[in-house]
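I set aside some time today to look around this model and jot down what I found. My notes follow, in the order I took them.

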Amino acid sequence: NNGPENPAPDWLSTKHWSQICQLSALPAFKPPAGQEEEDDWCSLHTLIAADIDNWHDVAEASQPEKHPVLLKFRPNKKRIGPLDRLLILRCLRPDSMKTAITSFVSEHLGHHFM
């Protein structure tokens, strides 16, 4: 692994940390045009590493898709959407995706899609 060092190898697998690092390249998690060189801009994986104890709480939660840390997460004061939160959740707790996706579809598309 040539990416940033995993801040919590005791509970966050190398695979899942690598996926978090890869998310940093997606448009939702990249700086807006013209802010790429800003000193206060942090990549997604840097933000998660800096707050790793709270993200551990998300990973350990019985309903991680409803955890306030995930729901209120605004990387670099940038609003992210529910699909972006699902991507983060998939990295931390892939086992919770069935419930999270069911809730996403119900909330955003309606019960008739269930």
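**Entry 1: His67.** I started with this residue, keeping in mind that the model is predicted. Buried or exposed, I wondered about His67? Its relative accessibility comes out at 17%, so I put His67 down as buried, since the cut-off for buried is under 20%. I then looked up its place and found His67 in the loop between α3 (52-60) and α4 (68-71).

**Entry 2: its surroundings.** Leaving aside residues up to four places away in sequence, I listed Asp57, Val58 and Ala61 as the ones His67 touches.

**Entry 3: the largest pocket.** Next I went looking for open space, and the largest pocket has a volume of about 260 Å³. It is lined by 13 residues, and I noted Glu65, Leu71, Pro82, Ala100 and Glu107 as the closest to its centre. Which helix gives the most to this lining? That is α6, with five residues. Helices α4, α5 and α6 (97-108) each supply at least two residues of the lining.

**Entry 4: helix α1.** Last, I turned to α1 (residues 14-23) and wrote down its buried residues: His16, Trp17, Gln19, Ile20, Cys21 and Leu23. I asked what covers them, and the cover includes α2 (44-50) and α5 (82-92). Helix α5 was already in my notes for its part in the pocket lining.

Key. Residues numbered from 1 in each chain as written. Predicted model: local features only at pLDDT ≥ 70, side-chain atom pairs only at ≥ 80, totals over all residues. Heavy atoms only, no water. Buried < 20%, exposed > 50% of the residue type's maximum accessible area, 1.4 Å probe, protein only. Helix = DSSP H or I, 4+ residues; strand = E, 2+ residues; numbered from the N terminus. Contact = heavy atoms within 4.5 Å. 1 Å grid on protein atoms, 1.4 Å probe; cavity = no way out; pocket = protein on both sides within 12 Å on 5 of 7 lines; lining within 4 Å. Points joined across faces, edges and corners; volume = space filled by probe spheres on them.
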